[in-house]
Amino acid sequence: ATNGQGKTAATLAAEQDHRKIADLLEDPERAKRTARSVFQEAFFDAVGDQRWAYVRTLVRHGIDIDGKDDEGTTALGRAAAEGAEASVRALLDAGADVNAVDSVYGASALLAAAVEGRGTIVRTLIAAGADVGLKAKGDGKGEGAGWTALMAAAMGGHLEIVSELLAAGADPRAVNEAGKTAADIARKERH
């Protein structure tokens, strides 16, 4: 599209020395990626600020509710780790995947809540259908590989969460990539 003088938006931006904007306007695919990134960032900010009307609007207009932030974490995973109970419930109500995993460790929101000792959130996630046996992939350097939420809770000495996970069917005999069970981890941490 051009203005009355036959100039495109990219040309006008370049004339005003707005090179980054001009570059973006000249590359439609890059512009789409940038827009998605900006909206994804706005989504994470809205979740953090608990602006649910805005979150619902973004979800209604196609934001990826299970998209990841710059650190590779989903909004649900972040909310679970931070203990933001209202955010966890709202994200689940909006359709967030209870078993989505982060990009770094392959850890779920349940594992994040368990390691941080967030009992209420662990119960909420289990009630929403979280897979209590889901194993993290680890960081590729041996950290976190094969860990379950039960192992994370055992490491932190979170007895109530360990009990909740066992009651929900977590396998106490499951082993991580290092061949350790939740009991082995609890003993090592003196719990």
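The following legends describe close-up views of a predicted model.

**View 1. The largest pocket and the residues nearest its centre.** The space in this pocket amounts to about 470 Å³. Its lining is made up of 24 residues. Nearest the centre of the pocket lie Tyr105, Ala107, Leu111, Val115 and Gly144.

**View 2. Helices and residue classes in the lining of the largest pocket.** Two or more lining residues come from each of the elements α5 (75-82), α7 (109-116) and α9 (149-156). The element that gives the most is α7, with 4 residues. Sorted by class, the lining holds 14 nonpolar residues, together with 6 polar and 4 charged ones.

**View 3. Thr181 and its contacts.** Thr181 is found in the loop that lies between α10 (159-167) and α11 (182-188). The relative accessible area of Thr181 is 15%, and this residue therefore counts as buried, a term that applies under 20%. When neighbours within four places in sequence are left aside, Thr181 is in contact with Met151, Pro172, Arg173, Ala174 and Val175.

**View 4. Ser87 and its contacts.** Helix α6, which comprises residues 85-93, contains Ser87. Ser87 has a relative accessible area of 2%, so this residue is classed as buried by the cut-off of under 20%. With neighbours within four places in sequence again left aside, the residues in contact with Ser87 are Val47, Gln50, Trp52 and Ala79.

Terms used. Residues are numbered from 1 along each chain as its sequence is written. This is a predicted model: local features need pLDDT of at least 70, side-chain atom pairs count only at pLDDT 80 or more; totals for chains, interfaces and linings use all residues. Side-chain values use heavy atoms; hydrogens and water are left out. On a 1 Å grid over the protein atoms alone, a cavity is a set of points where a 1.4 Å probe fits but cannot get out, and a pocket is an open set with protein on both sides within 12 Å along at least five of seven lines; lining residues have an atom within 4 Å of a point. Grid points are joined across faces, edges and corners, and a volume is the space filled by probe spheres set on the points. Ala, Val, Leu, Ile, Met, Phe, Trp, Tyr, Cys and Pro count as nonpolar, Asp, Glu, Lys and Arg as charged, and the others, Gly among them, as polar. Buried means under 20% relative accessible area, exposed over 50%, partly exposed in between (1.4 Å probe, protein chains only). Contact means heavy atoms within 4.5 Å.
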